[in-house]
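Walk through this fold with the model open beside the text. Start at the sheet, then turn to the helices.

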Amino acid sequence: MMEHEGHVTKHIQNQHDEDYMRQALRQAQMAADAGDVPVGAIIVLDGRIIGRAHNQVELLKDPTAHAEMIAITQAAAALGDWRLNEAALYVTKEPCAMCSGAIVLARITRVVFGASDPQVPFNATGVNIRGGVLADECAAMLQEFFRQLRRHSPYKGKGPGDLA
């Protein structure tokens, strides 16, 4: 009986992970629509969303305006505390080094991400990590964004010496 209960609990957790990742994908689409790299993040505590954001680097002209950073700020404001103990972060792309540091400092317990970033593997000591949730959808959104960006780039077809 215990093994069956564990399987059911894991199935329910996987379903919740996918549901929250879909909400993060909606945030990512908002970033893409605004011309920013399509990354979205949701922070959940006790089944309640306490932070929701998308990348706003281009909009705010701020290199720290990643979805994770903005969602962490929102969640801290919602709780009135910078300690986000027991909170889970859902993000459509594997967090960068800056965001990894913020996740650890905010004491977020669990991170669930979609698309992997082989250039910057996520490293956050003491954080329960699950990658690859809706990875295909998350990766496809990023790939399409960069495909469109390249298609409309004024530098298309020019080499590094031809930019002047």
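What follows covers the sheet, its pairings and the helix packing.

The model is predicted, so local features need pLDDT of at least 70, side-chain atom pairs count only at pLDDT 80 or more, and totals for chains, interfaces and linings use all residues. Residues are numbered from 1 along each chain as its sequence is written, and side-chain values use heavy atoms, without hydrogens or water.

Five strands build an open sheet, ordered β2-β1-β3-β4-β5, with mixed pairing. β2 and β5 (128-130) are the edge strands; each has a single partner strand, so one side of each lacks a neighbour in the sheet. From one strand to the next, the twist averages 15°. Strands here are DSSP E runs of at least two residues, and helices are H or I runs of at least four, numbered from the N terminus. Pairing requires at least two DSSP bridges between two strands.

β1 (residues 40-45) pairs with β2 (residues 48-54) in the antiparallel sense over 6 bridges. Val 44 sits opposite Ile 49 in β2. The hairpin has 2 residues between the strands, and Asp 46 takes a positive phi near 55°. β1 also pairs with β3 (residues 88-93), antiparallel over 4 bridges. There, Ile 43 has Leu 89 in β3 as its bridge partner.

Now the helices. α3 (residues 67-79) packs on α4 (residues 97-105) at about 20°, with the axes 9 Å apart. That makes α3 roughly parallel to α4, a label for angles under 35 degrees. Axes are lines fitted to C-alpha atoms, for helices over the stretch in contact, and angles run from 0 to 180 degrees between N-to-C directions. Glu 68, Met 69 and Ile 72 in α3 meet Met 98, Cys 99, Ala 102 and Ile 103 in α4, where contact means heavy atoms within 4.5 Å.

How values were computed:
Angles under 35 degrees count as roughly parallel, over 145 as roughly antiparallel, 65 to 115 as roughly perpendicular and the rest as oblique.
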